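Have the viewer open and follow along.

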Amino acid sequence: MASFRKRLLRVHLAVILAIVACTALAGYWGLSRAVRGQLDAALLALAETEMAMLPAAPRQPIQVHEVAPGLAPPSLMRLDRLVQIIDGEGRVLARSRNLEAAQLPAPPALLTHLAAGDTVFETLPKFGEEPLRMVSVPVPSSGSRLAVQVAGSLDDANHILAAATVLFGAMALALLAAVGLAGEMLTRRVLGAIDDVVRQAHSIGEASLHQRLPHPGTPDEIGRLVDTLNAMLDRLERGYDAQRRFTADASHELRSPLSRLRTEIEITLRRPREAPEYVGALASCLDEVQRLTTLVEELLMLTRLDAGQERNAVETVHLNPLLRAAAQRLEKAAAQRGIRIMFDEGEGAPVHARVAAGPADLVLANLLDNAVKFSPPDSIITLHVSRDGGDALVGVADAGPGIGVEDLPHLFERFYRGAKARAGEAPGFGLGLALSQAIVHAYGGRIEACNRPQGGALFTMRLPASA
């Protein structure tokens, strides 16, 4: 199969050829009508002149008006014109001298048209040595029916049309060659830029995602295509780097509890021990296994969210009792540190959101758990629910140290842990906020984080509100 460049050039040439051919034919047709119309007008004018010179009295001799021989200049109007006067039966009554012994044809069909008063134009291809154009005009008179016939050579008109044919053909070929060459150059330039993009794209792989496609330097369609592809490569590079970091962080988080689990088992098996020591070792191993199970479950949920699979059916959820139930589940853990959870329902109507109850409850549990982890003893965690236009808002505010300026941009990244968490003051894997944000995004919402002016952090969950 021919390449796209060749097929494009063929179509281009075919369209140009059709346009040039139609234009040339239209020009030839128009010129032919103009030349022949001019000849017909000249013949008709001469016939009318002869009609005007016919004698008014019926007994006067009928003759063709011609310039008398002598010193007078020749009549250009009559040059190369044959004139003949006939009666209703086709008999020749007078003729011009240049007609000599010949006579212009007057067949019965022509006589019939003349008798009906019609002016008839004819082409005589085989009269004499040249083709002729003849007009026959009936003479209106009260006596015998007469008609004037005037013929002129078509040789000059045919020469003009032949020259025009050669000229139109040469112009068509020249135009076709010029447009074809311009099309070839333009096609080569445009598709050459595309070939450069294709070659560079073939050379970009996982290890060279930092490379970019060459820009043609013009803000045309090719330039916009290259800009779009380079922007796509930027997103792929960021996504690949995030996936690589995610894999490395997941491997690290999995390796740590596994190493502790293996160390605990090896130490336990080094020598025989009493039953209480084995029970303590198994309990410690069970804690590590529980941490591993939680980590794997969170990783699996994130993977399903990325693939668009972890999304329950959307329903209308009343947020007030959902938030109250989540707070009640954490009251005992908060009370152990002297932390109180206060729920501010506001004075407005109950707030409903378009979300699934299970995922929304999981997000609320994560936000409340973070607030309890980072709140100092004997402090207050404030919950509020409200509506802002088309959004349902759920706020969780604590009285802790707040969020570091350097931590804010990375707060919802996977396995990211702030300075306090990295110092070991708060347990966790750094997946809770990332998982919560992914869940809320799946339902068309988002989680926002900021520091409160009076101290502490405020996490606001925005969900599509329902009437």
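Q: Which residues is Leu 383 in contact with, leaving aside its neighbours within four places in sequence?

A: In this predicted model, the contacts of Leu 383 include Leu 323, Ala 327, Ile 341, Met 342 and Phe 343. Asp 344, Leu 368, Gly 395 and Val 396 complete the list.

Q: Which residues touch the most other members of the largest nonpolar core?

A: The general idea comes first: in soluble globular proteins, nonpolar side chains tend to be buried together. Here the largest nonpolar core has 47 residues, and Leu 319, Ile 381, Leu 383, Phe 459 and Met 461 touch the most other members. Among the elements that give two or more residues to this core are α5 (275-306), α6 (319-335), β9 (380-388) and β12 (457-466). Another core, of 18 residues, lies apart from it and includes Leu 43 and Leu 146.

Q: Does Leu 43 count as buried or exposed, and why?

A: Leu 43 counts as buried because its relative accessibility is 0%, under the 20% cut-off. This residue is in helix α1 (residues 4-52). Leu 43 touches Arg 81, Met 134 and Val 150, among others. Leu 43 and Ala 151 are 108 residues apart in sequence, yet their C-alpha atoms are 6.7 Å apart in space.

Q: What lines the largest cavity?

A: Rolling a probe the size of a water molecule over the atoms shows where empty space is left. The structure holds 1 cavity of 30 Å³ or more, with a volume of about 30 Å³. Its lining includes Val 355, Pro 359, Ile 439 and Met 461, and divides into 9 nonpolar, no polar and no charged residues. Helix α7 gives the largest share, 3 residues.

Technical notes:
Residues are numbered from 1 along each chain as its sequence is written. This is a predicted model: local features need pLDDT of at least 70, side-chain atom pairs count only at pLDDT 80 or more; totals for chains, interfaces and linings use all residues. Side-chain values use heavy atoms; hydrogens and water are left out. A nonpolar core is a set of buried Ala, Val, Leu, Ile, Met, Phe, Trp, Tyr and Cys residues joined through side-chain atoms within 4.5 Å. Buried means under 20% relative accessible area, exposed over 50%, partly exposed in between (1.4 Å probe, protein chains only). Helices (H or I, at least four residues) and strands (E, at least two) are DSSP runs, numbered from the N terminus. Contact means heavy atoms within 4.5 Å. On a 1 Å grid over the protein atoms alone, a cavity is a set of points where a 1.4 Å probe fits but cannot get out, and a pocket is an open set with protein on both sides within 12 Å along at least five of seven lines; lining residues have an atom within 4 Å of a point. Grid points are joined across faces, edges and corners, and a volume is the space filled by probe spheres set on the points. Ala, Val, Leu, Ile, Met, Phe, Trp, Tyr, Cys and Pro count as nonpolar, Asp, Glu, Lys and Arg as charged, and the others, Gly among them, as polar.
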